Each structure stands twice: as structure tokens, then as C-alpha cells.
Amino acid sequence: MYDRNHLASRLRSASLVREAAGFAELAEQPGRPVVTYGALFEAAERCAKALVAAGLQPGDRVAAQVEKSIEAVELYLGSVLAGGVFLPLNTAYTVAEVSYFLGDAEPRVFVCDPTRLEALNGVAAEAGVGAVLTLAADGSGSLTDAVAAQDAGFEAVPREAEDLAAILYTSGTTGRSKGAMLTHANLASNAEVLTQSWRFTAEDVLIHALPIFHTHGLFVATNVTLMSGARLIFRSRFDAEAVLGDMAGATALMGVPTFYTRLLDCPGLGRETTAGMRVFISGSAPLLAETHRQWTECTGHAILERYGMTETGMNTSNPYDGERRAGTVGFPLPGVEIRITDPESGAVLPPSKVGGIEVRGPNVFTGYWRMPEKTAEEMREDGFFITGDVGVVDAEGYIAIVGRSKDLIISGGYNIYPKEIEALIDDLAGVRESAVIGLPHPDFGEGVAAVIVPEGGSRLTEEEVAAALKDDLARFKQPKRIYFETELPRNAMGKVQKNLLRERYKDAFAASEAPAAGARASG
Ligand code: MLC
Ligand code: AMP
């Protein structure tokens, strides 16, 4: 039965039209059987039943730290169908990190990889999780067994538009991660707007090589596909050569800038190999204007850059028709309002003035899980959300992001909050203080570096610091460079001048780790 308030029902209804027209395929997965829309939703319904059998009540959280698979998508849809709140977790998170999320969100059900069950069972029990199930990358596990044991058919648990469908954690500037609460209406409205703005139809084949535990891979790439009845080439991870090969049978790619710089380094990329592609979309981190220019020169396609956040879904996009302007994130999406404000007074600024980006619309989340004071700090009374991004609108209305007022590093599309790493380093014996900074990185855009001031007499080494952080921080957050200084530069107010440190170490990653974007000869 179609229910406009229900995300799962809105995602399902588009594909029903497609199936009626005789197109049944949803996803091609290298090394695994093709999945049809019918099979996806049937399995999602069985999964909803299995979750209910495991004790799930409407409003309960379902946390998942699982590898990318179609079964993981079924778990997402099954949770939503059962009236649950889906809570995906980065597969790189350590036991210590997962322990925090489970303790904070108190999920009824937690699904993890079978290889991590032993390590995570204890923290799940401590957090009072009712049922722990497993799901492996190949689709096997105790969740799959429980799903297979259910009969087909499940009537979606009715939900209001404002009920929660998901919680996604985003690190906090003060250290503690905050759970962004997203409603059925937030997710469904954003998927609908993107489908229309980017002209997705049942004719499309999207190359999906993003992780599905974040907004980009789950709510943008997956929801837009389901909403438009399109098809997916569903890759477990990004591999530039493989993705380039996929382009012969695809029409669209969504990626972070690292996808595009790595693809530019593939000798086979060119007009011929991208001839069947309709659109290349980039987001989650700034796309260098230079990468945009090189891509156009090499393929003849102008990358369509958009701007979003965990808390808001997608906010702005360059136009599908019309100029996709390099170095900008385009215009507010239909229904979304953007304003630029003075960071001190909050006064709205006129075009061409640089200020804080604020956003309001049906896409904006309802607040941070059990943190009303944090929500109040970032939400204006008139409903505008303070993004922490700094931007400017030009005379034609194109929005450019020129910086961030939040102390945040974005590495390969992942957000990393320096505060979280500094707190761990500062706790180490022999450390007086530290500053964690993002430095230009040829592959990831920014790379993490730590500048440490040891206590007098301490002989702390780089290796000791790295070893001490290993179990507490996901690999992508761990500093790739560690420097020792006798003191940190401070301004008159005593605040650490990270800009001076960034300047001092700006070449740290210059000629390392990966071929620089732009290494390719032009023409
Ligand atoms: C991997 N590593 C990273 C990293 N990814 N380090 C820093 N930043 C990253 N993003 C580490 C690995 O642990 C490894 O460490 C080393 O770097 C090399 O790994 P790799 O094999 O080259 O990495 P790869 O698997 O190819 O992954 C790179 C990537 C991936 C860019 C493809 O990180 C990725 O898929 N990023 C997308 C993130 C994303 O979806 N963001 C959207 C958030 S939503 P070592 O030392 O062990 O070798 C959002 C809202 C919005 O932001 O607007 O969309
Ligand atoms: P996240 O919290 O992981 O959702 O990351 C959201 C942040 O990513 C935003 O606040 C921006 O700082 C950044 N971001 C997303 N898209 C873009 C983009 N196209 N250009 C620059 N920054 C972006």
C-alpha cells in the first residue's frame, strides 16, 4: 500500500512502475548474481520480519557495521519498513569507536561482520543491545539465516513524515560524535529533488563505488537509484581501472574528488571511454577547479559538483542544463534556502560578501540525538541550520565554498575532527600539547598531520604515538605525519595558530603517497 509519509513506500513505488514496464534488474555486482527490484524488496520485507522477531519496536535503532553488499541495502530498507531507525557505521571504526556509538544510540539490534563478532559482542552487551546478528560481505551470516526463515510479505509499519528513519553520526568539534536525526520526510524529499534535478530515469545505470555507511553512498546514490527505478553497478569499493571499465555499460557516476583525480591518472580515460556516460557528479569535499578543467579537457564532460552534509542531505547543485561552474557548488536545490550571514552578528549578508552558510528546507535534520543543547547552538530560531562552512554567492547566484569555520579535516571525503585526535594525543604520557591539522594531499585532498609538543625531557617517538593511537582511531583518522615542536604558535588570545602550522608543513605530502592530480599530460 502506498504511503506518502513512508520513505520505504516512496522508494518502492518508483520501482514498481519500472517493473510493470518489464525492467526488473536493479544491481549488477561483480562476482555475485544480478539482483532484481522484486528480490530486493521481498528480502527487505523478510528482513523487517526478522528484525521484529528479534524484538524491534517502532522507533528502535538498528545499528550496522557491515561490509558493502546488497544484503546491507536490504537491512537498511528492512529497518525502515519495520519502523526502525537505521544507524550505519563506518567499517573502519575500531572497537573503542563502535562502543561509543552503541552506548550513545542504544540500538535494539546490532549487525556486524562475522569476523568481528567476538571483538564486538562485549561492547554490544555493555550497551544493552538486545540482539547481535552477523552479515558478511558475501551476504552470509546469522541475519541472512534469520531472514531466510521468514515468510514473504510484510506491511510497512505506518510512520509519520517527521518520524526518524536514520541516525548518522558526525564527529563533533568538541570531541564527542553527534547523531544527526533524519526523518522519513528529510530523506524522501531530498531523493526526489535530486532525481529530478539530475534527470535520473529508469534508463540510467549508476556506477556505485562509494561506501554505504554515509549520506553520499546511501541517501544520494542508493536512494536516487531506487527513486528513479534505475540500475546499479554495485562495487564493493572504488577501483579506478574497474570503474573506468564499467563506463562502457553505464550512464552516471557519483564520487568524491579522489575518484576523479585517480581516474584522471588512468591512461585509458578519454572521450571514447566516457562517450556513453550522461553525468559525472562530485561532492563531499571540494573539487579543485583544476580537476574540473582537466576532466572537461580529457572527456568532454563537465563534472556536476554539488554540496551536502550529513545533517542536511544535499543543499545545492550545479545545474544539469546550463553552466557547471568550476570552483562552485551551484544553486540551492528546489525547496532549499541558503543564506550567507555575518559570523558574529548573524546578519544576512548581500551577494559577493563572504560569510557563514546557513540552510533551511525539508532536507534539514531535526536535531542531534539526545543533545538538545548542541542542536540549539547550530539551529537558528527561524529554522536555518548553521553549517560551519564559509561561502559566498556571486552576482549570478552561484555559491562557492571558500573555507570552514569549524575545525575539520576532509580526507578522501571522510570528515575528521582534529579535537578527537588531539584529545587522545594529549592524554599520552610525555605529551604537553598537540595540534592536529589537515595538509594538502595529492590523493585525499587533505591529509592528517599531528604537531606534538613533548614534556621537557620526554623522548617520545613517532612510532610510539602511532602505536598508541592504533586501537582508538579508525585508520583514516590516524595522522600520516607526526612532527615534534618545542611550542605551538599562539595569537594574543592564546589560541593555537593552525594556519601558521599548515603553512610550515604545507609540502609534507607534496611528492608522496599517490600520483598528483594533474600528473596526466593534458590534451
Ligand atoms: C583510505 N585511507 C584513507 C582514506 N581512505 N586515509 C585518509 N582518508 C581517506 N579517505 C587509508 C587506508 O586506511 C590506507 O591506509 C591508505 O589510506 C590507502 O588506502 P587506499 O587503498 O588507497 O584507500 P581506498 O580504499 O582506495 O579508499 C580511498 C577512497 C575512500 C577515497 C576511495 O576513502 C572512499 O571511498 N572515500 C569516500 C568517502 C565518502 O563516501 N564520503 C562521503 C561522506 S558523506 P594504510 O596506511 O593502511 O595503507 C558527506 C556528505 C556529502 O560528506 O556531501 O556527500
Ligand atoms: P559530512 O559531515 O561528512 O556530511 O560532511 C559535510 C561537509 O563536507 C560539509 O559541511 C562541507 O564542509 C563538505 N562538503 C560537502 N560537499 C562539498 C563540496 N562540494 N565542496 C566543498 N565542501 C563540501
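How exposed is Arg 370? At 49% relative accessibility, Arg 370 counts as partly exposed. Here are the cut-offs: buried means under 20% relative accessible area, exposed means over 50%, and partly exposed is in between, with a 1.4 Å probe and protein chains only.

Before I go on, the ground rules. This is a predicted model, where local features need pLDDT of at least 70, side-chain atom pairs count only at pLDDT 80 or more, and totals for chains, interfaces and linings use all residues. Residues are numbered from 1 along each chain as its sequence is written, chains are lettered from A and ligands numbered from 1 in the order in which they are written, and side-chain values use heavy atoms, with hydrogens and water left out.

Back to the backbone. Arg 370 has a positive phi of about 50°, although it is not a glycine. Most residues other than glycine have a negative phi. Arg 370 sits in the loop between strand S18 (367-368) and helix H12 (372-378). A word on elements: helices (H or I, at least four residues) and strands (E, at least two) are DSSP runs, numbered from the N terminus.

Ser 352 also has a positive phi, about 75°, and is not a glycine. Its place is the loop between strand S16 (337-341) and strand S17 (355-360). Ser 352 counts as exposed, at 56% relative accessibility.

Now ligand 1. Which residues come nearest to ligand 1? Of the 24 around it, they are Arg 262, Ser 284, Arg 306, Ser 411 and Arg 475. Near here means that a heavy atom of the residue lies within 4 Å of the molecule.

Next, the polar contacts. A polar contact is a pair of N or O atoms within 3.5 Å; within protein, one must be able to donate a hydrogen and the other to accept it, and residues adjacent in sequence count only if both atoms are side-chain atoms. The side chain of Arg 262 places an N or O atom 2.7 Å from an oxygen of ligand 1. For Ser 411, a polar side-chain atom lies 2.7 Å from a nitrogen of ligand 1. Gly 412 uses its backbone: a polar atom there is 2.9 Å from a nitrogen of ligand 1.

On its own, ligand 1 has 1,000 Å² of accessible area, and the protein covers 75% of that. Accessible areas come from the Shrake-Rupley method with a 1.4 Å probe; for residues, only the protein chains shown count as cover. Helix H8 (215-228), helix H10 (257-264) and S13 are the elements that give two or more residues to the shell around ligand 1. That shell divides into ten nonpolar, nine polar and five charged residues. For these classes, Ala, Val, Leu, Ile, Met, Phe, Trp, Tyr, Cys and Pro count as nonpolar, Asp, Glu, Lys and Arg as charged, and the others, Gly among them, as polar.

On to ligand 2. It has 16 residues around it, and Arg 306, Thr 310, Asp 389, Lys 406 and Asn 415 come nearest. Arg 306 was also on the ligand 1 list. Oxygen atoms of ligand 2 take part in the contacts. One is 2.6 Å from a polar backbone atom of Thr 310. In the side chain of Asp 389, an N or O atom is 2.5 Å from a ligand 2 oxygen. For the side chain of Lys 406, that distance is 2.7 Å.

How much of ligand 2 does the protein bury? Taken alone, ligand 2 exposes 500 Å², and the protein buries 92% of that. Strand S13 (304-309) and strand S20 (399-404) are the elements giving two or more residues to its shell. S13 gives the most, with five residues. By class, the shell around ligand 2 has seven nonpolar, four polar and five charged residues.

Cysteines next. The structure holds zero disulfides, a disulfide being a pair of cysteine sulfur atoms within 2.5 Å. Cys 266 is in no disulfide; the nearest cysteine sulfur, in Cys 298, is 9.8 Å away. Cys 266 is buried, at 4% relative accessible area. Cys 298 is buried too, at 11%.

Last, helix H7, residues 184-197. Twelve of its 14 residues are buried, so H7 is largely enclosed by the rest of the structure. Among them are His 184, Asn 190 and Ser 197. Expected span is 1.5 Å times one less than the number of residues. For H7 that gives 20 Å, and its end C-alpha atoms are 20 Å apart, which agrees.
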